[in-house]
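These are my notebook entries on one protein model. I list what I looked up and what I found.

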Amino acid sequence: MPTPSPRPGRPGRPPRLSRAEIVTTARRIVDEEGVAKLTMRRLAREMDSTPMALYHHVRDKEELLLLLLEDFAAHAARPRLPDDPRERLLAAATAMRDLLTQCPWLVEVLTADDLLAPSALWYVEQVVDAAVDCGLTPEQAVRAYRSIWYYTAGELVVRAAAARRRAADARPTYRERVFADLDPAALPRLAALGPRWGELTAEDTYAAGLRALVDGLLPPHRTGAPPTDMDDRQDREDRRDREDRQDREAGE
C-alpha cells in the first residue's frame, strides 16, 4: 500500500517569521540602500512574506528602527576609558563617533531626535558624568553633551553625504568647479586656497575640533577636581584684572 504524501500547505501561505530574521533583513536593506528604502512592504518582499505577517512581530517602521538601533548598540564593544575626567569625556565622544562611522544610517535615524537605543545611553552617561567631574553642574553637563552631539552628528552627516556624492559620480563636484575659478580680486584668500580646498576640507579634523570644543565647554580645572574657594577667588581676581585693564585701555 503506498504511503500517502504529506498534506501540502495552503497555497500562498507565507513562511514562518522570527523577529531576529526581520531585524537581520532590515539591517541589510539599510546598510545597502539607506533608511529611506526600508518600508514594511519592501521588507516583506525581501522575506517572501506579506506586510500583515510582519505586523505580528513589529508594530510599524518606527519600532523596527528601534529594534535595529538596540541590536547594533547591544553588540557594540565598550572601550576602556581613562581615569582623568577630561580625557574620559574626549575618549567617550570619540568612541561614540567611531561607532556611528561604522553605520552612517544610524546618524540619519538618531538625528530625528526621538529615537534612541537604551544600550547606547552608556556613551551619553560617560560624557555627562565626566563633564560633572570636570566641574560642570548636571544641567551644564547636559548642555555640553548636546553641543558635542551636534558637532559629532553634523560632522558625520556631512562626510556621509560627500561620500555618497563621490560614489555616485566621479566628476568634480559643483563646489570644486566653483573654487577652481574664483576671482582673486574679490576673494583673494579663498582663491589662493582654491586648488587645495577639496583636499583640506576632506581631512579628518574631528579630534582637534572636539578637543577645542571641549576646552571651551569645560572650566579650566585640568585635574577634574571641583572648584575650591581658592579657585573662585582667583577667578574673581582675574576678572577684576581684565576689567581694570579694559578700563585703562578705554581711557587712553
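In which hand does α5 pass α7? I found a left-handed crossing of α5 past α7. A crossing is left-handed if the near helix is turned anticlockwise from the far one by less than a right angle, and right-handed if clockwise.

Basis of the entries. I am working from a predicted model, in which local features need pLDDT of at least 70 and side-chain atom pairs count only at pLDDT 80 or more, while totals for chains, interfaces and linings use all residues. Residues are numbered from 1 along each chain as its sequence is written, and side-chain values use heavy atoms, with hydrogens and water left out.

Overall make-up. I counted 13 helices and zero strands in the protein. Helices (H or I, at least four residues) and strands (E, at least two) are DSSP runs, numbered from the N terminus. I noted that 33% of the 252 residues of the protein count as buried. Buried means under 20% relative accessible area, exposed over 50%, and partly exposed in between (1.4 Å probe, protein chains only). Among contacts with a separation of 6 or more, 71% join residues 24 or more positions apart. Contact means heavy atoms within 4.5 Å.

Helices α5 and α7. I went back to this pair for its geometry. Helix α5 covers residues 85-102 and helix α7 residues 121-133; they pack at an angle of about 160°, with their axes 8 Å apart. Axes are lines fitted to C-alpha atoms, for helices over the stretch in contact, and angles run from 0 to 180 degrees between N-to-C directions. The two helices are therefore roughly antiparallel to each other. Angles under 35 degrees count as roughly parallel, over 145 as roughly antiparallel, 65 to 115 as roughly perpendicular and the rest as oblique. On the α5 side I listed P85, R88, L89, A92, A93, A95, M96 and L99, which meet Y123, Q126, V127, D129, A130, A131 and D133 of α7. Sorted by class, this contact has 11 nonpolar, one polar and three charged residues. Ala, Val, Leu, Ile, Met, Phe, Trp, Tyr, Cys and Pro count as nonpolar, Asp, Glu, Lys and Arg as charged, and the others, Gly among them, as polar.

Helices α7 and α8. I next followed α7 to helix α8 (residues 138-168), where the packing angle is about 130° and the axes are 8 Å apart. That makes α7 oblique to α8. The crossing of α7 past α8 is right-handed. V124, V127, V128, A131 and V132 of α7 meet P138, A141, Y145 and I148 of α8. I sorted the α7 and α8 contact into nine nonpolar, no polar and no charged residues.

Helices α1 and α4. I then checked helix α1 (residues 19-33), whose axis comes within 10 Å of that of α4 and crosses it at roughly 90°. The pair is therefore roughly perpendicular. R19, I22, V23, A26, R27 and V30 of α1 make the contact with E63, L64, L67, L68, D71 and F72 of α4. By class I have eight nonpolar, no polar and four charged residues for α1 with α4.

Cysteines. How many disulfides does a search of the whole structure find? I got zero disulfides, taking a disulfide as a pair of cysteine sulfur atoms within 2.5 Å. I also looked up the accessibility of two cysteines. C103 counts as buried at 3% relative accessibility, and C134 is buried at 1%.

Y206. I placed Y206 in helix α12 (residues 206-217). Is Y206 buried or exposed? At 2% relative accessibility, Y206 counts as buried. Not counting residues up to four places away in sequence, Y206 touches A93, T94, R97, Y151, T152 and E155. Y206 and L156 are 50 residues apart in sequence and 9.6 Å apart C-alpha to C-alpha.

Two loop residues. D60 is in the loop between α3 (51-54) and α4 (61-74) and is partly exposed, at 28%. Leaving aside neighbours within four places in sequence, I found D60 in contact with M40 and Y55. D48 sits in the loop between α2 (40-46) and α3. I noted a positive phi for D48, near 55°, in a residue other than glycine. D48 counts as exposed at 60% relative accessibility.
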